[in-house]
Amino acid sequence: MKFTNSREIFAKTARLIPGGVNSPARAFGAVGGNPLVMTRGNGSSIYDADGNRFIDYVLSWGPLIAGHAHPSVIEAVQKAVSDGLGFGAPTRGETEIAELIIATTPSIEMVRLVSSGTEATSSAIRLARGYTGRDKIVKFRGCYHGHVDPLLVAAGSAAATFGVPNSPGVTAGCAADTLVLEYNDTSGVQEAFSAFGGEIAGVIVEPVAGNMGCIPGKPEFLQTLREACTRAGSVLIFDEVMSGYRVALGSAQSRYGITPDLTTLGKVIGGGLPVAAYGGKREIMNAVIPVGKVFQAGTLSGNPVAVAAGLATLKLVSETENFYGGLETKTARLAEGLESAAREAGLTATAQKCGGMFTLFFNDPADREITDWQSASRCSEKTFARYFWGMIEQGIYLPCSQFEANFTSLAHTDQDIEQTIAAAKEVFSRF
Ligand code: KE4
């Protein structure tokens, strides 16, 4: 495969935009080389500037659950665009998408639209603090919730200590109120709440983690969070920006049967355009301005063109017969096929999946499963990089990091799945 055009375009971009990317996840830092410049997508395919076609498992980092340029999404956007690009006023589409989100998400009685997952989580954190009058927030190492200052925090030196900034520009003061615990560590949660319970405004967690690679939360871990927050009067926030409408129509909370107090959403609810949301109990959401006093605002929140894409996508996932059953089966076949291909080639590999997301981990043989950041970080990034570039050469486009989730869509066919597994067999045979 040649990447001449991508290389030329990227060389120029790298002088104009930091790292040549508008989001670091795209930067190929973990796999080496330069990102491919993409020009168009159609169904399960994406095409680069040199005309190379790939089966795409990035799907714009999750939003494109209907595949690229689904006709009904494009039609909805074209109709919306023809009426104008935005009004800064309420529109019917916002009412309709709010109704659909509320009808399908167990925890959400009221919802506020924003334009990114980061806006959703930062608003939810502020709301938890404003509603409870408390300062402390709990997050989990390896979970990512967007570039929110209080959440750009690394674990302190010892367990159950308050955080230290893990980005320049985040102040010690900002990090000081964030307690970083280990994912899936039920006893760590119990210790933290017995030490700080009454001071904890909220807990934010990815119920199915995607930002360490795909690590489903253990039911007892999430249940412990739910019980501890209820006892302490803390707000339990499920960050479902990635898992929302990705693992079930009712998102991860419906799979686990655990209802948080607030939920953040993004990605799929925008269908590829900038729509995200936070929502939850009416009593808590009524604390949000202009009804309450917790401030939050946004020029493009609920933009009618973006909402049109999101609404068309949510209608597809909620009205297509057996949408999630089909997606889960497809994803499981692929994940298991990739894991078998790696193991048959003598590699240590474990595939973990949930609904329409999965990760093939090249794990340390001592780790039978990947349950937290410690076990995820012991995976071989070197092996992953060889796999990534080998799959590129085979026409398969994967997320460029071991610590990301891969995504499937309505558009991925059985043939795509089998071709991807065959490609992996070929790649691993050359290891
Ligand atoms: P955005 O601000 O990027 O829309 O959403 C932030 C966010 C919040 N919560 C969760 C669980 C998320 O996964 C994300 C964003 N996910 C990354 C992928 N790991 C988006 C890709 C990127 O940052 O470019």
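**Exercise 1. How far apart do the C-alpha centres of domain 1 and domain 2 lie, and which residues form each domain?**

Let's start with the distance: the C-alpha centres of domain 1 and domain 2 lie 25 Å apart. The domain assignment, automatic or from a database, gives 4–69 + 322–428 as domain 1 and 71–319 as domain 2.

A word on the source: this is a predicted model, where local features need pLDDT of at least 70 and side-chain atom pairs count only at pLDDT 80 or more, while totals for chains, interfaces and linings use all residues. Residues are numbered from 1 along each chain as its sequence is written, and side-chain values use heavy atoms, with hydrogens and water left out.

**Exercise 2. Describe the interface of domain 1 and domain 2.**

Step 1, contacts (heavy atoms within 4.5 Å): 35 residues of domain 1 touch 32 residues of domain 2.

Step 2, buried area (accessible area, 1.4 Å probe, that two parts lose on being put together, summed over both): about 2600 Å² is buried between the domains, with 62% given by carbon and sulfur atoms.

Step 3, salt bridges (a side-chain nitrogen of Lys or Arg within 4 Å of a carboxyl oxygen of Asp or Glu): the rule finds two across this interface.

**Exercise 3. Is K330 buried or exposed, and what is it in contact with?**

Step 1: beyond its neighbours within four places in sequence, K330 is in contact with S409, L410, H412 and I417.
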